[in-house]
Amino acid sequence: MLGRLCRWLRLLGYDAVYCREKENIITTSLRETRIVLTRNQKLSRRKSYRLILLASDSFREQLAQIIGTLNLAVDENKLFSRCVHCNAMVKPAKKDEVKGKVPPFIYDTHNDFSVCPVCQRIYWKGSHWNLMKRDLERIVQ
């Protein structure tokens, strides 16, 4: 339901867990003192550590609501510090470590890479970096 929002929170550097089952959401919230984000009215009546009922279906509006409600900082130094797929903190990688693992053009035109120590995905500041920053500027205004 909120997978895209979860990925964006991770892109911002926030620890975000995506749970598919309602019981796991509540249990995880209470056990790990996590905030539940939901669009589900019934779920919003359940006891949790903290719960925020999202007003919109639009992930941009959801992200703006979360940033405003929780007073989240958008810190450029934390952007892309987490793996968007598994939530682990990414680690810097030397250029020669990613040779043959990224497209040749990317390898030739970039020097800074990060790798997820869990799922091994490789990240670099490509065109998506500027597109995301532009999106964030519109959302955070």
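1. A word to start with: contact here means heavy atoms within 4.5 Å. Please also keep in mind that this is a predicted model.

2. Begin with helix α2, which covers residues 22-32. Its buried residues are Ile25, Ile26, Thr28 and Ser29. Looking down the axis of α2, you will find these buried residues within an arc of 165°, so they line one face of the helix. What do the buried residues of α2 pack against? Their partners are two strands, β1 (35-38) and β2 (50-53).

3. The end of α2 is worth a quick look too. Threonine 33 follows this helix, and its phi is positive, near 45°.

4. Next comes helix α3, residues 59-70. Buried in α3 are Phe59, Gln62, Leu63, Ile66 and Ile67. Around the axis these residues cover an arc of only 130°, which puts them on the same side of α3.

5. Where does that side of α3 pack? Its buried residues lie against α1 (3-11), β1, β2 and α6. Just after α3, asparagine 71 has a positive phi of about 55°.

6. Helix α6 spans residues 127-140. From its first C-alpha to its last, this helix of 14 residues reaches 20 Å, close to the 20 Å expected at 1.5 Å a residue. Trp129, Met132, Asp135, Leu136 and Ile139 are its buried residues. Viewed down the axis of α6, they fall within an arc of 130°, so they line one face of the helix. That buried set packs against α1 and α3. On the face turned away from the buried side, you can find the exposed residues Ser127, Glu137 and Arg138.

7. Finally, see how α3 and α6 come together. They pack at an angle of about 65°, with axes 9 Å apart, and their crossing is right-handed. Which residues meet there? From α3 come Arg60, Leu63, Ala64 and Ile67, and from α6 come Asp135, Leu136, Ile139 and Val140. By type, the residues of this contact are 6 nonpolar, no polar and 2 charged. Leu63 and Ile67 are buried residues of α3, while Asp135, Leu136 and Ile139 are buried in α6.

Terms used
Residues are numbered from 1 along each chain as its sequence is written. This is a predicted model: local features need pLDDT of at least 70, side-chain atom pairs count only at pLDDT 80 or more; totals for chains, interfaces and linings use all residues. Side-chain values use heavy atoms; hydrogens and water are left out. Axes are lines fitted to C-alpha atoms, for helices over the stretch in contact, and angles run from 0 to 180 degrees between N-to-C directions. Helices (H or I, at least four residues) and strands (E, at least two) are DSSP runs, numbered from the N terminus. A crossing is left-handed if the near helix is turned anticlockwise from the far one by less than a right angle, and right-handed if clockwise. Ala, Val, Leu, Ile, Met, Phe, Trp, Tyr, Cys and Pro count as nonpolar, Asp, Glu, Lys and Arg as charged, and the others, Gly among them, as polar. Buried means under 20% relative accessible area, exposed over 50%, partly exposed in between (1.4 Å probe, protein chains only). The arc is that of the directions from the helix axis to the C-beta atoms. The expected span of a helix is 1.5 Å times one less than its number of residues.
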